Amino acid sequence: MKAEFDSGVFGKEKDKGFQSSINQISKGFGDEDFYPTLEEKAATLLYLIIKNHSFVDGNKRIAAASFLLFLERNNMLRNKEGDHIISNEALASLTLFVASSKSEEMDTVKKLIISILNRNKSSA
C-alpha cells in the first residue's frame, strides 16, 4: 500500500496512536473483555484508527486496510458463499461516515458498523 501512495508523508506516524488503537481492541478488566465479539473489535479498530489521526497522511486508507486485514485474519472477510461481506463502495462510505462523525456519536457509529458486518455474514 505504501508503494502505491508513495510520498514523504503517507503512513508516517505522528505519535503512538496507531499502536494504541490496535492495543485497545484487546483490552479488558479481569475476565471481562471490553470488546467481546470480533465484530466489536473490528468496528472499534476502524473507528479508532480514523479518529486518532495517528498518521501525517493516509489515516482513512490505513484504517480501511487494517479493518480488512483484521476481518481476513479472523475469517470474517467472506461470507459462507465466499463473497466479500463488504464492498469497496460500502467500506469507503463507512470510512467517510466515521471520519465525519462527532465523538459523542461513537457508540452509534460502531453499532452501525457491527450491524453491517452481521447483516452480511450469510449473504453479500
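Visitor: Is the crossing of helix 2 and helix 5 left-handed or right-handed?
Guide: In this predicted model, helix 2 and helix 5 cross in a right-handed way.

Visitor: Which residues make that contact between helix 2 and helix 5?
Guide: Helix 2 brings Glu39, Glu40, Ala42, Ala43, Thr44, Leu46 and Tyr47. From helix 5 come Met106, Val109, Lys110, Ile113, Ile114, Leu117 and Asn118. Sorted by class, the contact has 9 nonpolar, 2 polar and 3 charged residues.

Visitor: What makes helix 1 roughly antiparallel to helix 2?
Guide: Same test, other pair! Helix 1 (residues 17–24) and helix 2 (residues 38–52) pack at an angle of about 160°, and their axes are 9 Å apart. The cut-off is over 145 degrees, so helix 1 is roughly antiparallel to helix 2. Gly17, Phe18, Ser21, Ile22 and Gln24 of helix 1 touch Leu45, Leu48, Ile49 and Asn52 of helix 2. Of these residues, 5 are nonpolar, 4 are polar and none is charged.

Visitor: Which residues touch the most other members of the largest nonpolar core?
Guide: Those are Phe67, Leu71, Ile113 and Leu117, in a core of 29 residues. Helix 2, helix 3 (59–73), helix 4 (88–100) and helix 5 (106–119) each give two or more residues to this core. Helix 2 gives the most, with 8 residues. In general, nonpolar side chains in soluble globular proteins tend to be buried together.

Visitor: What is Leu71 in contact with, leaving aside neighbours within four places in sequence?
Guide: Leu71 is in contact with Ala42, Met76, Leu77 and Leu117.

Visitor: Why is His53 called partly exposed?
Guide: His53 has 43% relative accessibility. Buried is under 20% and exposed is over 50%, so His53 lands in between and counts as partly exposed. You'll find His53 in the loop between helix 2 and helix 3. His53 also has a positive phi of about 45°, although it is not a glycine.

Visitor: What makes Asn75 count as exposed?
Guide: Asn75 reaches 71% relative accessibility. The cut-off is over 50%, so Asn75 counts as exposed. Asn75 sits in the loop between helix 3 and helix 4, and its phi is positive at about 55°, though Asn75 is not a glycine.

Methods. Residues are numbered from 1 along each chain as its sequence is written. This is a predicted model: local features need pLDDT of at least 70, side-chain atom pairs count only at pLDDT 80 or more; totals for chains, interfaces and linings use all residues. Side-chain values use heavy atoms; hydrogens and water are left out. Axes are lines fitted to C-alpha atoms, for helices over the stretch in contact, and angles run from 0 to 180 degrees between N-to-C directions. Helices (H or I, at least four residues) and strands (E, at least two) are DSSP runs, numbered from the N terminus. Angles under 35 degrees count as roughly parallel, over 145 as roughly antiparallel, 65 to 115 as roughly perpendicular and the rest as oblique. Contact means heavy atoms within 4.5 Å. Ala, Val, Leu, Ile, Met, Phe, Trp, Tyr, Cys and Pro count as nonpolar, Asp, Glu, Lys and Arg as charged, and the others, Gly among them, as polar. A nonpolar core is a set of buried Ala, Val, Leu, Ile, Met, Phe, Trp, Tyr and Cys residues joined through side-chain atoms within 4.5 Å. Buried means under 20% relative accessible area, exposed over 50%, partly exposed in between (1.4 Å probe, protein chains only). A crossing is left-handed if the near helix is turned anticlockwise from the far one by less than a right angle, and right-handed if clockwise.
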